[in-house]
Amino acid sequence: MNLEKTLRELGKEIQADPRFKALKEAADANDKDENLQKQMQELQLISLKYQQEASKGDEADSAKIEELQKQYQDIYNEVMKLESMMNYSAAAAEMEQMAQYISGMIGLFFDGQDPETCEIPAADCTHNCNTCGGCH
């Protein structure tokens, strides 16, 4: 089996994983939520106004910048409280964990570790065996 084929098989496995499916479903639900889409557009507009004002340098209106920051934060907080966004955030966090695991394992392979037996060290590993309480 060549590397290209193996990578494509990994891609298929990732996309078949329930975590990937959960993220896709959460993203689709957000895309279909008209209220959420309006709020996201409003965030983009506020961000653009902020950038325009901030680009004025010394002539920028600090009160206006502060108000835009407050508006942005208020809408952002509303958006993040939505059940659909909480679902999306949770699903994205699960996928990020998967990505970190895959990256960590690939790093071990590049370091010459045995692909059949190597394991990612515990998060508290100092790489100084004198401090080790045991990873496994």
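Is Glu53 buried or exposed, and at what relative accessibility? At 4% relative accessibility, Glu53 counts as buried; the cut-offs are under 20% relative accessible area for buried, over 50% for exposed, and partly exposed in between, with a 1.4 Å probe and protein chains only. The model is a predicted one, in which local features need pLDDT of at least 70 and side-chain atom pairs count only at pLDDT 80 or more, while totals for chains, interfaces and linings use all residues. Residues are numbered from 1 along each chain as its sequence is written, and side-chain values use heavy atoms, with hydrogens and water left out.

Glu53 takes part in a salt bridge with Lys64, the closest N and O atoms being 3.7 Å apart. Lys64 lies in helix H4 (residues 62-81) and Glu53 in helix H3, so the pair ties together parts that are 11 residues apart in sequence. Helices here are DSSP runs of H or I with at least four residues, numbered from the N terminus. A salt bridge is a side-chain nitrogen of Lys or Arg within 4 Å of a carboxyl oxygen of Asp or Glu. Lys64 is partly exposed, at 42% relative accessibility. A network of salt bridges links Glu53, Lys56 and Lys64. The structure holds 6 salt bridges.

Another salt bridge joins Lys70 and Asp74, at 2.8 Å from N to O. The two residues are 4 apart in helix H4, separated by about one helical turn. An α-helix has 3.6 residues a turn, so residues three or four places apart point the same way. Lys70 is partly exposed, with a relative accessible area of 47%. Asp74 is partly exposed, with 33%.

Helix H2 spans residues 18-32. Its 15 residues reach 21 Å from first C-alpha to last. This is close to the expected 21 Å, which is 1.5 Å times one less than the number of residues. Leu23, Ala26 and Asn30 of H2 are buried. Seen down the axis of H2, the buried residues fall within an arc of 65°, so they line one face of the helix. The arc is that of the directions from the helix axis to the C-beta atoms. The buried residues of H2 pack against helix H3 (34-54) and helix H5 (83-110), contact being heavy atoms within 4.5 Å. On the other side of H2, Pro18, Glu25, Asp31 and Lys32 are exposed.

Asp17 forms a salt bridge with Arg19, the closest N and O atoms being 2.8 Å apart. Asp17 is buried, at 16% relative accessibility. Arg19 is partly exposed, at 33%.
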